[in-house]
Amino acid sequence: MAAIRFEDVVKRYGEVVALDGVDLTIETGRCHCLLGANGSGKTTLLRLLLGLTRPTTGTIDRPDGTIGCSFQTPTFYPDLTVTENLDVFGAMAPPPDEAWRADLIDVLGLERVATRPAGALSGGWQKKLDLALAFLKRPTIAVLDEPLDDLDDPSKRRLRRFLAEYPDEDHGLLIATHHVTDFEDTLDHLTVLDHGRVVSDGPIEDGPAAHRRYLDLIEAELTPSANE
Amino acid sequence: MALGSLFAREARWVRHNAGVLVLVLLVLPSLFAVSTVAFQQVIPRDTPIAVVPESESVSEDEIDAVTGVAAFFSRPHDYESRDVAERALAREEVYAIFVVPHGLFDEEASVEIEMIVEEEMVPYEQPSLAIASILSGQLRGTFPAETTVERTAIGEDRTLSEFLVSVGTILLTMVYAFVYLPRVVADEERVFQRIRVESSLWRLLAAKYAVFVPLMLVPVLAFHGIASYLDFQVDLLAPGAIAATLLTFLSLSAIALGVMFLTRFATVGRMVNATLLFGTLAFSNLVYPAGFFSPMRRNIARLSPIHYAGIVHRGTALKGNTAALYADRYLLLAGFTLASVAFLVASVIVYQRRA
């Protein structure tokens, strides 16, 4: 079982503290949900995890395996077709086999737009291509930022089924979202971030439903200031 | 939407982009205005020339006297022998050689000063004729001897078109380096995050250069094909000329990409690159010999590696000289390229750290 470990990670942007002493472990075998309001530090945490920025202090240990990512803003070559994008990024980090790539295309329904330039696709199709690129190499940990944004309901259902089956001994998921209800049936570990700090971190089966737990935490955070 | 609302939006845009606007509308025009001081006259008065004795019998006073007169329209340098001066002429360290004979101070003598120029330096042809004529007049009144100036053109006769084909290759390469490649990389900025996760920006840049450096041979081939069709006597496929073209592209594109990474691919980066392009065009003296327009331009050109890229390109493609004649110039270009690549590397590191 592989794990990504954050140890006392602090990230500052000038005077702004985006993450403040974060300790966190993200393991294979589970669907880990990262929850928090706008500005809570989710995106900063994901960027640190992906190696796109460096912590001000603290350490981040990544597993030997691979990390795949889907960004909040879909990221691909807009002038290439869907198939060409899959080919280009598949060449950088090859899929385990052709069957895996074919499954992904099927789950996300990309066959219909395979020959169209990616930049000309609607937001939903662009999101599906971005997700396909995240899973293309069947990464050890797939990091997904708001994966259901812009998807229609049938696509959401298919993707949720796919996500529920993805975690196993060698693979895991980290999903950053505002909409925890979308993943209540899928997630088994919840981390709540607030103002750059981890205010809750634990397996979901040990407590109330994720959404309820999140709301309770946020309410608890807000109550003292409301009384002041 | 009312005009007032749109105007308010423009006012906010000005406020948000105040720094860039100051750079684009104030600093750059000011730099342009300041740069005009480098253009002082249209008659070449500061072109480097060589003054050499015809024989051992020529006295130091005679050399000094000719050097003094020549200083009115050029920047003379004394050379010990004609061979050394001709090598300097081929390398464009000087653009004319004045061979001084003995007898300038002898009232009974009739002496002829030989002025040697290169046929291939087409833009210097007319100025050199004028200089020969002016010098003849000045010398006649200066020395006791009957003195004339005989202009000799060595090398192969070339047309202005042939000369400009060589210059055009370097100029177009500069445009590709400062405009085209940065634009192509800027278009890919939106995938940088995924590239950094799946691969790296270093590999992306390496791949870009692996494609674009060979692609730079396509315009060279096009130039060469047209030149051959027009029966121009210029060999743009000479290895030395290709090396100069590619080193120019590598060095300038590395600088241009470095600017883009430092400015995080903002519009201001394109403006800076456009300024660098025009600055390099204006101050590298690719068309006119160093010393045209002002001493300041000569000094600036002599500091520009692209000035030497133009010289070695002309030397190998137009004059048919061997690349070995310009070995030190190639070393300079290679060093400049390494420094430019180091700047690009530092810019990418800063870009990634500030992400």
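Residues are numbered from 1 along each chain as its sequence is written, chains are lettered from A and ligands numbered from 1 in the order in which they are written. In this predicted model, local features need pLDDT of at least 70 and side-chain atom pairs count only at pLDDT 80 or more, whereas totals for chains, interfaces and linings use all residues.

**Figure 1. Chain A, overall content and confidence.** Chain A holds six helices and nine strands; helices (H or I, at least four residues) and strands (E, at least two) are DSSP runs, numbered from the N terminus. Of its 228 residues, 40% count as buried. A residue is buried if 20 or more other C-beta atoms lie within 10 Å of its own, exposed if 12 or fewer, and partly exposed in between, with C-beta atoms placed from the backbone. Among the contacts in chain A with a separation of 6 or more, 72% come from residues 24 or more positions apart; two residues are in contact if their C-beta atoms, placed from the backbone, lie within 7 Å. The mean pLDDT of chain A is 88, and 89% of the residues score at least 70; pLDDT is the predictor's confidence in each residue, from 0 to 100. Confidence in chain A is lowest in helix α6 (residues 210-227), with a mean of 58, and highest in helix α4 (residues 123-135), at 96. Where pLDDT is low, the predicted coordinates should not be read in detail.

**Figure 2. The two domains of chain A.** Domain 1 covers 1-65 + 141-146 + 166-228 and domain 2 covers 72-139; domain bounds come from an automatic or database domain assignment. Six residues of domain 1 of chain A and five residues of domain 2 of chain A make up the contact. On the domain 1 side, three residues are nonpolar, one is polar and two are charged. Here Ala, Val, Leu, Ile, Met, Phe, Trp, Tyr, Cys and Pro count as nonpolar, Asp, Glu, Lys and Arg as charged, and the others, Gly among them, as polar.

**Figure 3. Strand β5(A) and its partner β6(A).** β5(A) and strand β6 (residues 141-145) of chain A pair in the parallel sense over four bridges; two strands pair if DSSP finds at least two bridges between them. G68(A) stands opposite A142(A) in β6(A). I67(A) and C69(A) point one way from β5(A), G68(A) and S70(A) point the other way, and all are buried. E146(A) lies in the loop between β6 and α5 (153-165) of chain A. Its phi is near 45°, a positive value in a residue other than glycine. E146(A) is partly exposed, with 19 other C-beta atoms within 10 Å.

**Figure 4. The contact between chains A and B.** Chain A gives 14 residues and chain B gives ten residues to this contact. On the chain A side, β5 (67-70) and α2 (82-92) each supply at least two residues. The residues on that side divide into eleven nonpolar, two polar and one charged.

**Figure 5. The five-stranded sheet of chain B.** The sheet is open, with the order β2-β1-β3-β4-β5 and mixed pairing. β2 (74-78) and β5 (146-154) of chain B stand at the edges with a single partner strand each, so one side of each is left without a neighbour in the sheet. From one strand to the next, the twist averages 25°. Strand β1 (residues 47-53) of chain B and β2(B) pair in the parallel sense over five bridges, and the bridge partner of V51(B) in β2(B) is D78(B). Helix α3 (residues 60-70) of chain B lies across β1, β2, β3 (97-100) and β4 (110-118), running at about 160° to β1(B). Helix α4 (residues 82-90) of chain B packs on the sheet, touching β1, β3 and β4, and its direction makes about 165° with that of β1(B). Axes are lines fitted to C-alpha atoms, for helices over the stretch in contact, and angles run from 0 to 180 degrees between N-to-C directions.

Figure 6. Chain B has 14 helices and five strands, and 37% of its 355 residues count as buried. Twelve residues of domain 1 of chain B are in contact with 15 residues of domain 2 of chain B. F265(B) has a positive phi of about 60° although it is not a glycine, and is buried, with 20 other C-beta atoms within 10 Å.
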